[in-house]
Amino acid sequence: MGEIQSWNTSKNCDGRLEMVSKIWQWINERIPLKIMLQVGLDEEIPGGASFFYTLGSATLFVFALQVVTGVWQLFYYVPTVDHAYNSLSYLRIFVPYGWLIHGLHYWGGNAMIVLIALHMVRVFVWGAYKKPREITWLIGVFLLFLVIGMSFTGAALPWDERGYWAAEVGTSIASTIPFIGGVLESLLRGGNFMGQLTLSRFFILHTAIIPGIAIIIIAAHLTAFRNFGSVGPWSNKKRKTSGAFWPDQVALDIIVVTLILLLLIALSAFNPPPFTGPADPLDTSFTPKPEWNFLFLYETLKFFPGSLEIIGTVGIPTVVVLLLLLVPFLDRNPEHNPLKRLPIILSGLVLVTSILVLTFIGYYSHPPENQQSTKPVINNLKKSSLSVVSGEKVFETYGCIACHSISGKGGKIGPDLTNEWQRGRSKKWIIRQLLASKKNYPNSIMPPYTMLSKKQLSDLVDFLLNRHAPNTVPPVNPSRNADTLLVQKLNKINKSTSKKVGVKQVEIKNGKKLGPPELAAGMIGNIAHGDLLFLRNCESCHGINGKGGISNPGSLSGEVPPLNPIDRGLYNKNPQIFANNIDRIIQHGSTPPGTPALKMFDYGDSHTLTQKEISHLEAYILHLNGVNRAQIETNSFSPEQYFIVSAIILLIVSFLLFFINLYKKKISNDS
Amino acid sequence: MQSVVQLENCYSDPCTFGEEFRFAKIKIVYSGESDTLVFAANTIVKGTNMTERNTENISKKELSRRGFFILLSGTLSGFIAFVLGIPLIASILGTVNKVKNKIFSRLTPINTVPILNPVNLNFVTAKTDAFIKSVEPQDAWVIKRSNFDITVFSPICPHLGCRYAWNSKQKLFICPCHNSVFDINGKVISGPAPRGLDTLPKKIQHNELYVLWERFKVGIPQKIVMED
Ligand code: FES
């Protein structure tokens, strides 16, 4: 055994270097920094450094990025059901670069899964899971599961529509696992239903338990990798040469990592995570669809309806997991060349392709619409009777539809009139209801529709009572054109009522004061969802896309105010002020000047719409007026500017490096 | 015991690692078992038979290539630190909340306020603290001279922020903390108060009095609104 003796060198060192050297030695006598660096950097790579080997380091970098951005979000985010969504919105809108921190975390999480998948494919093709690296592979597969767990728990944390429903569906799927399913579900949810305890559990899993385990497992994965080194290329010819990890491979790693970071910034700036609105357990219009990384499972589920569902929810995932875990034990042949182990490579290819295909199908498929009613069903009625047709017109144009719905279309303030014909009410009763509702119901809020002509009243009643059997209504003489009749009447009424309305009357009506904005004004709703709600609740009075044009007999302007463009007194460039302005009206209602047939109902006060639904409507109305409810309000760079500045800096740095390289090459060629 | 020591690899790169960073990987084979040890270059293993690789000089070209890789790694790491560092620091340093709550709160119907007799009235203000919206009770002194001439005073003494009260016998506002005395118009009569009582913005709509809650810096002669 060789005898070892330490000996201090100071040859070719000037004083400064010697000083550094002494400090370095002093440190190393106390902590083995040198050894640590050696372990971290000293590795020989058979066949030399390669861009193929950067995937692992890139995953590690993104993990570190997730840790940093995750911790940073905690400066603002709070995990409670009533503040989670608003606190995250606050971070994204009012905190400088909050959009970036959240965006990087969101896209980083997605990138993580892509990178791990690519890393696994690389290891698979190179056969790097073979002896003695089987356990390194197993640890890696376990890391993949942890990351999927992070993705699942993380998605719920904003407590928005998407995250909430994904968690709801995910935990329900967990409940289908035989024997332990029920327990697992209530364990995850902290009870039988989704709620604060669910959020707390997801939060602690996402921020402490899973990342804690992941860090330990990553350390094990890296140690194992360092110990056995890189497997290198399969061709013996290429294996003759070798390269060093430091600095060759590190340089390639950093190039890839820089590009990934720039890509993540670009995604955060140009394709930010959507504001899907605060989680609303009562909401039936939101069709949950899982995150893209679970889409293949979601698609597989569709192949197994009914009692077979368990095959999709438990069976297939178990098989995939087992296959992944068993790869190193199924393929024990020491051959690394993929061309010489075609069976396993092809089966891997089949698995990967089917996952990809299912993911794409899932991405482009539309879940079964439970909202077919958004299409005006009324139009589908067989139009066999003119009185029914003109009655339908009255129903739509005189604002009945604002409060009453038929076949799912229309407002919710008044009773649903779909089955009015079944209630056995007389024509007289209904006409009384239309003209003086209080005679039927003393507490009725239904305004009297005295402006309707006798003909219109009778048509309307025909429409309501004969919806079920249009064919039984005897045909009316077609020479009487109901449509023109209707228009004429309408004009007459408009003229007569506007004459009657005196200025004095207006002033008195105007005295009603509005209450303050409510919770909805502080929440960022979802535009698409708002569109849907608008269609159901508002369009009948405010017109298609809020363009207006719906008459409001008796009001001073004669029309329901359009929302697109909206009254300039309500409009504001600042989304918060704009939302406050319209929120007061949506919450507390308003009566236009005059003696209007239609007035704005107090959607909030009457609980016709939830605060969350109102927030969606507000986002939509702002959007109609060219204001983004989720406008970023910071003094720093805008997302686009920030990306452009970083990209330009990187370009300059790359050019500089390129020229330094050229110069160095020239020098060494010269000498 | 017979042992063979082979030098497996030798890194010698003083430019990049510094003098102390040279190290060698040595494979020791003894009694059929082998072990790999890593030594710093300033460690001498006595009695070893140095192979050619040890003496092999790393070419200048190779050195320059490595130097460039290190420069590249360093610069790009710097770029990453810069691009991430700025947002991380900025997000902690500067939090802005531009939307200020400038909503008037309803105080009282005008005709319920007695003439020339200051009354302290309660009202609620909506407050936004970061992402938490809350309502807070506040109060103010209301002095009505006529239905068109109404003054609303902040209940906070401009001296050091105590709450003063109306003394109906002396017809004066008196602050209990340091005995500042103000008349019914808010003018300082005596005491340390640097300015008169602060009026709050108000408006009258449909015979109702509305007030905008504001706070002012205390202890200075100027009336300056405190932004929260
Ligand atoms: S605080 Fe009122 S007199 Fe000092």
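Two strands are taken to pair if DSSP finds at least two bridges between them, and strands themselves are DSSP runs (E, at least two residues), numbered from the N terminus. The structure is a predicted model, in which local features need pLDDT of at least 70 and side-chain atom pairs count only at pLDDT 80 or more, while totals for chains, interfaces and linings use all residues. Residues are numbered from 1 along each chain as its sequence is written, chains are lettered from A in the order in which they are written, and side-chain values use heavy atoms, with hydrogens and water left out.

In chain B, an open sheet of three strands has the order S6-S7-S8, with antiparallel pairing. Strand S6 (119-129) and S8 of chain B stand at its edges, each with a single partner strand, so one side of each lacks a neighbour in the sheet. On average, neighbouring strands of this sheet are turned by 35° against each other, direction ignored; the axes are lines fitted to C-alpha atoms. S6(B) and S7(B) run antiparallel and are joined by 11 bridges, and Leu121(B) has Ala140(B) in S7(B) as its bridge partner.

Strand S7 (residues 132-146) of chain B also pairs with S8(B), in the antiparallel sense and over five bridges. These two strands, S7(B) and S8(B), form a hairpin with two residues between them. Ser146(B) has Asp149(B) in S8(B) as its bridge partner. Strand S8 (residues 149-153) of chain B is largely enclosed by the rest of the structure, because four of its five residues are buried (under 20% relative accessible area, 1.4 Å probe, protein chains only).

A further open sheet of chain B consists of three strands in the order S5-S14-S13, paired antiparallel. Its edges are formed by strand S5 (105-109) and strand S13 (202-205) of chain B, each with a single partner strand, so one side of each is without a neighbour in the sheet. Four bridges connect S13(B) with strand S14 (residues 208-211) of chain B, and Lys202(B) has Val211(B) in S14(B) as its bridge partner.

Seven cavities of 30 Å³ or more were counted. The second largest cavity has a volume of about 50 Å³, and its lining includes Gly399(A), Tyr449(A), Cys541(A) and Lys599(A). Domain 3 (383-499) and domain 4 (519-624) of chain A both give residues to this lining, so the second largest cavity lies between them.

How values were computed:
1 Å grid on protein atoms, 1.4 Å probe; cavity = no way out; pocket = protein on both sides within 12 Å on 5 of 7 lines; lining within 4 Å. Points joined across faces, edges and corners; volume = space filled by probe spheres on them. Domains from an automatic or database assignment. Buried < 20%, exposed > 50% of the residue type's maximum accessible area, 1.4 Å probe, protein only. Axes fitted to C-alpha atoms, helices over the stretch in contact; angles between N-to-C directions.
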